[in-house]
Amino acid sequence: MEKERNLRVEYLQLVYEYCTGLREGFYDGTMGITEIHGGTGDMQEFVQNLRGMLFPYEYESQREVFDTFYDMCGACGDMNFMQTNMELFLSVLELFIQSVKTLCDGYKDNKRKCSCCGKEVIYSPLAEHYNEMSKRYGAQTHQLETLNEAEYLCPVCGSSDRDRMIISFLQKAGLPQAEEHMKVLQIAPAATIESWIQTYCPHVDYETTDLYMDGVTFQSDITDMHMVEDETYDLVICSHVLEHVQDDRKAMRELKRVLKPNGLVVFLVPISLDMEEIDEEWGLPEEENWRRFGQGDHCRRYGKKGLMERLEEQGFYVNALGKDYFGEEVFEQLSLINTSTLYVLTKDKSVKLDLSFEYTVDEKLLTEGPLVSVILPAYNHEEFVADAIESVLNQTYQNIEFLVADDASTDHTAEIIKRYSEHLAGEFYFTENAGARGRFLRKKATGKYIALASSDDFWEPDKLALQVDYLEKHDDVAACFTWCSYVDENKCELNEKRFIQKNRTRYEWMSYFWENDNVLCHPSILIRREEYIQLIDVGNGYRQIPDMYMWMELVQHADIHIIPKMLVKMTRFMNDKADNTSLNTDKNGLRHMIELDGCWNSVIRKMDGEFFSKAFHDKMIHPEAKEEPAITCEKFFLMIGSGRWWMQANAIRFFQEVYDDEAVRECFADQYSFTVKMFWEIMLERGYALL
């Protein structure tokens, strides 16, 4: 959708420039009636294409001018008409140019940032269907508290103005910083809100319910959620539901019953500001519902006073959040009308509207905790290295052995590092650029834990404290990661969600790597030194993805954990001035693919059979397979079934190697009914694709 919008903007600009050039050409004498007459077919095509590309509300706003100019261009095919009506043509052309300019300016002036998808968009109006139905049934006109008909829908993610307001509240209240496994329920789930929670808050336990929708966690009537225990949820989202329900008092009681004592209900119904009480009646015909309540499946219309009284009657304290809470800028960006209000219900007035979780660390640990070796290799990062070093020195955790190596930088990186010599346990300056200085520093580290830092990335002050605290309390966990946000070379945050991940078992991680590649942030890791020593020679031949290779080796024998908190800012270069592996270039992309090929080829072949069967259980032909010959067959089928051509090439080579084993041959034939002849056919079929 965003691509279509950009094309529309480009086309508008093209039309504007063409028509402006036409006008100027006539006035400065470089173009005459004959040239305009000859180009009227092109002009008509321009206008016709433009009309088809515009949103309905955009076309309607300029319909009269566009249609008049289109007709005028058609009439100009007659030379006599042209000679007689040239002044009229130029006048209409001028109006058309102004209309196109208005639309062009509108795109610039009306762009807003959607809180749901993070894109800059121009919101679309409410679907015309609602106005048509209201007119058809003579619906009563009311002023709704929260509805911007002109700028209602995000054209990228489909969020409504109320969806955007809800997500803005969840951001402000700190749901992305909530405690792991916080319980969240959305009733009659809005897809955009669900998508946002799953993307930015994967660590919460998110559930959905509806009486009729498919794909929800459980189906229920909001007036009777008997399958849910009392005080289950920390957060309930109930938006535009109760106007559909026969007994809204009973629904309110259920909302209160399933809510924890300090929980929040994010609540919205359509409220008519020009009435006070509640008008309701169940069982009316659809047309009467339209006339009286504003929609065919509504059974009541809420006045504000009546709604507040009913909520308070059921024991809720009502927090009404409007522009004063969200701020002028948020209202503008989300295109909320001035009266827009979000209601957050609590069981008690004292409950704070805060979903975030504050991690606490024993003060004694900060000063007396075990030694952490921080290793930081640097190369040509004079713009960033000082901030990177200071982000380590500013850690609240204080028992740090800080080791830095400059890999023969050609800029001022080494000189900047030397300014911090008094804070460094070891500093090394090389005269030849060789790469892999992180491995060199690893061998120098003596701490119980090792933390990897990069010379262009930055840590939040509590990063090490939270990680050390976690690992000290969980002896079974080998390494601790954190969430990470990407910033560009100007330290502007990018809309990147890759490193926002929930915790998984080590078997789930391996399966997830297979589907999604690397999703763990390298400069966020804190790892036990004895574990890291085992990995010190893993991935020496890799430049693009040595970290992913390490993670895949690590999870085969140890558990890992992610602290769901943004504690690292990782620089992604958006221009080609630096040779950086995070730069999106053809060279890096090709290298990534080649290294991923080698990485998986090695890992799959060596993987222990028991681990393989647990990690890829859902992808196995015979999930019950345990014996080595059967696991070998399953490895072949996993690789050949991949959508990646290079993995299929690995599978072909793998088969040719293992098929010489008699036990494997018999297993292919007896358990999988797979013959060498079938393999030859696959080899030719896939071979064509590989060529």
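Let's start in helix α10 (residues 248-258), where Arg257 and Glu254 both lie, three residues apart, about one turn of the helix. Helices here are DSSP runs of H or I with at least four residues, strands are runs of E with at least two, and both are numbered from the N terminus. An α-helix has 3.6 residues a turn, so residues three or four places apart point the same way. The side chains of Arg257 and Glu254 meet in a salt bridge of 2.7 Å, N to O; the term means a side-chain nitrogen of Lys or Arg within 4 Å of a carboxyl oxygen of Asp or Glu. Arg257 is partly exposed, with a relative accessible area of 22%, whereas Glu254 counts as buried at 10%. Buried means under 20% relative accessible area, exposed over 50%, and partly exposed in between, using a 1.4 Å probe and protein chains only.

A word on what you are looking at: this is a predicted model, in which local features need pLDDT of at least 70 and side-chain atom pairs count only at pLDDT 80 or more, while totals for chains, interfaces and linings use all residues. Residues are numbered from 1 along each chain as its sequence is written, and side-chain values use heavy atoms, with hydrogens and water left out.

Now back to the charged pairs. The whole structure holds 29 salt bridges. One of them joins the side chains of Lys183 and Glu207 at 3.0 Å, N to O. This pair links distant parts of the chain, since Lys183 sits in strand β3 and Glu207 in strand β4 (residues 205-210), 24 residues apart. Glu207 is buried, at 19% relative accessibility. Another bridge brings Lys448 and Glu472 together at 2.8 Å, N to O. Lys448 lies in the loop between α18 (437-444) and β16 (449-452), and Glu472 in helix α19 (residues 463-473), so this pair ties together parts that are 24 residues apart in sequence. Salt bridges can also form a network, as they do among Asp248, Glu280, Arg300 and Arg310.

Strand β3 (residues 183-187) also contains Leu185. Is Leu185 buried or exposed? Leu185 is buried, with a relative accessible area of 0%. Beyond its neighbours within four places in sequence, Leu185 is in contact (heavy atoms within 4.5 Å) with residues including Glu207, Phe218, Tyr233 and Ile237.

Next, find the open sheet whose three strands run in the order β8-β10-β9, with mixed pairing. Two strands pair if DSSP finds at least two bridges between them. β8 (271-272) and β9 (279-280) stand at the edges with a single partner strand each, so one side of each has no neighbour in the sheet. β9 pairs with β10 (residues 300-303) in the antiparallel sense over two bridges, and Asp279 has Arg301 as its bridge partner in β10.

Finally, turn to helix α20 (residues 506-516), whose buried residues are Arg506, Trp509, Met510, Ser511, Phe513 and Trp514. Which residues of α20 meet helix α22? Arg506, Trp509, Met510 and Phe513 meet Met548, Trp551, Met552 and Val555 in α22. The residues of this contact divide into seven nonpolar, no polar and one charged; Ala, Val, Leu, Ile, Met, Phe, Trp, Tyr, Cys and Pro count as nonpolar, Asp, Glu, Lys and Arg as charged, and the others, Gly among them, as polar. Trp514 is also touched by Ser642, found in the loop between α25 (628-640) and α26 (645-658).
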